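The exercises below can be worked through with the sequence and the coordinates side by side. Each task is followed by a solution in steps.

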Amino acid sequence: MTSRITRSPLRLLSIVLGSALFVSAVAAPARPDAGAAPGTDTVLEWFDQTNASVGAPTMITNIRTWVISWTAASRAIGSHANGVFAEAALASAVHGSLASIAPDRKTELDAALNTTLARLPDGRVKTRGIDAGRIAAAKVLAERAGDGLDPASVNEPFTPPPAAPGVWQPTPPAFNPATQAGQGKGKTFLLGRSDRFRPGPPPPLTSARYARDFAETKAYGRADSTVRTPWQTNIALLYRPAILSSWTQILRQVLTDGSNRSIRDSARLLMAFHAVTGDAYIAVYDAKYAYLAWRPVTAIRQAGADGNPGTEPDATWTSLFPAPDNPEYPSGHNGYAGAAASVMTHLLGPAPARPVTLTSPDAPGFVRTYTSWAQTAQDVINTRVWSGLHFRTSDEAGIRLGEQIARYDLARLAW
């Protein structure tokens with residue numbers, strides 16, 4: 001199944017094959033309501049409210065917030081493209097979801113809801129939209145209760161096996177315990193089993209491929225590398241934060257790209273994007289803790305124990321950034337990136353309607369412009385090598401995993 005939709009609205013999005021999460025809860029006439037305000041402001045208002053409400057210490061918990069909120073919005077909107085009903089339903093659904101997930105923001109959320117509803121004409125249509133949003137939010141929240149994506153479940157205690165060549169160990173400088181060991185056990189959104197597309201193992205330590213990867217990361221990823229260019233360092237810095245924050249920037253630009261997307265289509269785009277990338281991120285951690293591969297900093301400092309004549313140890317080697325406190329293979333950033341680029345290509349075509357830009361506080365003054373979704377994925381492959389956090393094989397395995405999950409998840413949608 002293929003679909004390229006650029007400046008025309010997305011076709012009706014609904015879930016088939018028994019996926020309860022995305023079954024529409026509200027039926028409505030397929031026409032705009034007379035007298036409705038323009039939809040873009042409402043979508044952006046509640047996009048920004050969602051972004052302001054995420055702040056959990058685990059990225060998958062924040063992705064969950066996006067999925068719940070915009071699934072509720074999509075359900076509540078039903079078949080309305082635009083109009084009073086669609087705007088009231090969207091605002092009420094996202095408000096209800098966020099007020100439950102982030103109760104500390106209730107004052108701000110209540111004020112935002114009042115702002116949206118105040119500009120809509122009173123009447124039966126508006127009341128029905130508000131009710132639809134409340135119902136949808138309550139149902140989605142109930143469906144996701146106890147899904148194992150809360151920080152405590154994601155960060156369940158983990159005791160690594162005894163140190164051995166190739167096996168993950170806590171990494172310098174802090175030598176912290178493992179994190180996110182429970183993420184792969186969380187309930188997926190569309191994927192079903194998190195191990196459905198678990199990749200094969202990383203290359204053997206004695207292989208030529210491992211030696212090539214080792215040499216590249218050792219040279220380009222060290223903190224004081226003499227071969228990594230300033231531009232490559234800036235790309236690494238650009239993607240140092242959680243990759244969800246990078247794509248939040250990009251998605252907001254897509255919503256204002258001049259494509260005249262309807263409220264319904266915008267809500268469905270956000271719903272699908274976050275559900276698919278969330279599934280990829282869960283699946284990555286299933287694989288990470290299945291293989292327990294050591295990080296480059298451990299591998300490079302302990303080379304010689306790997307039995308590969310093509311590797312040489314450097315006991316003082318340090319990566320550009322400290323390694324995340326979890327196993328190396330496959331790359332989490334790249335699992336997400338592969339899914340993200342695949343979703344955008346499938347829904348919007350291979351390129352954004354207008355170039356999108358990415359910035360980061362970690363790279364002040366540096367701006368990266370993208371004219372295709374494939375460019376975003378390629379940058380993430382490279383950046384994790386240039387950061388010294390991954391081997392290239394792990395990055396490429398992550399991209400493939402994300403792409404596989406996107407194909408599977410998107411095939412469950414009827415367009």
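**Exercise 1.** Find which residues serine 246 is in contact with, leaving aside its neighbours within four places in sequence, and decide whether serine 246 is buried or exposed.

Solution. The model is a predicted one.
- Step 1: with the neighbours within four places set aside, the contacts of serine 246 are Leu238, Tyr239 and Leu358.
- Step 2: serine 246 belongs to helix α9, which spans residues 243–255.
- Step 3: the relative accessible area of serine 246 is 3%. Buried means under 20%, so serine 246 is buried.

**Exercise 2.** Describe the largest pocket: what is its volume, which residues are closest to its centre, and which elements give two or more residues to its lining?

Solution. 
- Step 1: the volume of the largest pocket is about 670 Å³.
- Step 2: the lining is made up of 40 residues, and Arg240, Pro241, Ala242, Tyr281 and His333 are the closest to the centre.
- Step 3: two or more lining residues come from each of α2 (59–77), α9, α10 (263–291) and α12 (332–348). Helix α9 gives the largest share, five residues.
- Step 4: sorted by class, this lining has 20 nonpolar, 15 polar and five charged residues.

**Exercise 3.** State how many salt bridges the structure holds, then locate the partners of the one between arginine 75 and glutamate 143.

Solution. Side chains of opposite charge can pair when their charged atoms come close.
- Step 1: there are 18 salt bridges in the structure.
- Step 2: between arginine 75 and glutamate 143, the N to O distance is 2.8 Å. This pair links distant parts of the chain, since arginine 75 lies in helix α2 and glutamate 143 in helix α5 (residues 124–144), 68 residues apart.
- Step 3: at a relative accessible area of 3%, arginine 75 is buried, whereas glutamate 143, at 28%, is partly exposed.

**Exercise 4.** Where do aspartate 213 and arginine 209 lie relative to each other in helix α7? Classify both residues, then aspartate 257 and arginine 261, as buried, partly exposed or exposed.

Solution. 
- Step 1: the side chains of aspartate 213 and arginine 209 form a salt bridge at 3.1 Å, N to O.
- Step 2: both residues are in helix α7 (residues 208–220), and because they are four residues apart, about one helical turn separates them.
- Step 3: aspartate 213 has a relative accessible area of 5% and is buried; arginine 209, at 27%, is partly exposed.
- Step 4: aspartate 257 and arginine 261 also meet in a salt bridge, at 3.2 Å, N to O. Here aspartate 257 is buried at 9%, and arginine 261 counts as buried at 11%.

**Exercise 5.** Which residues are linked with Arg64 in a network of salt bridges?

Solution. The network links Arg64, Arg144 and Asp147.

Notes: Residues are numbered from 1 along each chain as its sequence is written. This is a predicted model: local features need pLDDT of at least 70, side-chain atom pairs count only at pLDDT 80 or more; totals for chains, interfaces and linings use all residues. Side-chain values use heavy atoms; hydrogens and water are left out. Buried means under 20% relative accessible area, exposed over 50%, partly exposed in between (1.4 Å probe, protein chains only). Contact means heavy atoms within 4.5 Å. On a 1 Å grid over the protein atoms alone, a cavity is a set of points where a 1.4 Å probe fits but cannot get out, and a pocket is an open set with protein on both sides within 12 Å along at least five of seven lines; lining residues have an atom within 4 Å of a point. Grid points are joined across faces, edges and corners, and a volume is the space filled by probe spheres set on the points. Ala, Val, Leu, Ile, Met, Phe, Trp, Tyr, Cys and Pro count as nonpolar, Asp, Glu, Lys and Arg as charged, and the others, Gly among them, as polar. A salt bridge is a side-chain nitrogen of Lys or Arg within 4 Å of a carboxyl oxygen of Asp or Glu.
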